[in-house]
Amino acid sequence: MLTGEEIIKAVENGDILIEPFDKNNVNPNSYNLTLGDELLVYTDDVLDCKKKNETRKIKIPDEGYILSPNTLYLVSTREYTENEVYVPQISGRSSIGRIGLTVHASCGCGAIGFKGTWTLQVSCVTPTKIYKGMQIGQIYYFPLIGNSNIRYDGHYNNKREIKTSMFYEQFDK
Amino acid sequence: MLSGEEIINQIKEGNIVIEPFDEKCVGANSYYLHLKDELVIYEEDVLECKKPNKTREVTIPEEGYILRPGELYLARTVEYTETNHFVPLLCGRFSLASLGVTIHITAGFGDNGFRGTWTLEICCIKPVRIYPNMRVCQVCYFPVVGSEGIKYKGKYLGQIDATASRIYKDDEFSK
């Protein structure tokens, strides 16, 4: 896994793109990501992997927004990243975990070739107030072993907005 | 972490086994695994670490099955895998995670030497309809660092069915 200093070097030589990039957000072996301004919440009572599930948008006001338990909130990071050389992985920050916030429902492992902001899957254990721009997650980088001609070029690439599930695009193929 | 092409190389070398294997399921740095059509659900009101807990089986029909929040579903991958000289990491997919579905509760790291299908621990935030044989997760591989004298010989070695917890067999409990 790359150290913080190695992340800075990789940003400087173009192997990693994080926009905006702020050296104050570099950790010993990760980089802190910040929360965007909006949330998406699914509105259907029952979600379906085969269908496009409807959502509604919530703007996070300056004074913060209280998340409720048993609800899934999709949010974007402010940071746009390109991951051509190292395998990215995201996780919640320890400070976020300690107030019962989960920021991803998968293991957070990304793919070589992924370009975009990161859509986080946020849920909470107790009602919790969050703020736009707060440092919510971290991105880590693993070196890749082997040739990398197979690259991620899926439905979620090159998007800056919050990404809802496009699982339905992958059926019947 | 191994690239997709390196996963293919290691399968050819015999260090990694994924059965059935389909090159279309090779990702940039992972391999996609599919959901078998069987779920195992605990039937006890209170689960007990010291003894086996009663379960029932549900078959996921072609038209799908609705998972409910507050329930734990054990499921399994269609694929049988063997991993030697690498550490497998089981990961949920964004397409499923962004519907609020988690497929494992622990970190998802497996053991060098593990063989079997993968038992998934599925939970959801909202009711959600899932389908048999859908791409449910992916497996990534890390190189091991150091000698490999200690290999996985645990209580789930060779598992094929979705396997309920056998923590009751731990030394602390079985004495």
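How exposed is A:Arg78, and how many other C-beta atoms lie within 10 Å? In this predicted model, A:Arg78 belongs to strand β6 of chain A, which covers residues 73-83. A:Arg78 is partly exposed, because 17 other C-beta atoms are found within 10 Å. That count falls between the cut-offs: a residue with 20 or more is buried, and one with 12 or fewer is exposed.

The contacts of A:Arg78 were examined next. Residues up to four places away in sequence were left out. A:Arg78 then touches A:Thr34, A:Gly36 and A:Gly133. A:Gly133 lies 55 residues from A:Arg78 along the chain.

Attention then turned to the two chains. In chain A, 41 residues are in contact with 38 residues of chain B. Two elements of chain A, β3 (47-48) and β9 (115-124), each give two or more residues to the side that touches chain B. The largest share comes from β9(A), with 3 residues. By residue class, this side of chain A divides into 20 nonpolar, 16 polar and 5 charged residues.

Strand pairing also links the chains. β3(A) is joined by 2 bridges to strand β9 of chain B, residues 128-130. The two strands run parallel. Within β9(B), B:Val128 is the bridge partner of A:Leu47.

Key
Residues numbered from 1 in each chain as written. Chains lettered and ligands numbered in written order. Predicted model: local features only at pLDDT ≥ 70, side-chain atom pairs only at ≥ 80, totals over all residues. Contact = placed C-beta atoms within 7 Å. Helix = DSSP H or I, 4+ residues; strand = E, 2+ residues; numbered from the N terminus. Nonpolar A, V, L, I, M, F, W, Y, C, P; charged D, E, K, R; others polar. Pairing = 2+ DSSP bridges.
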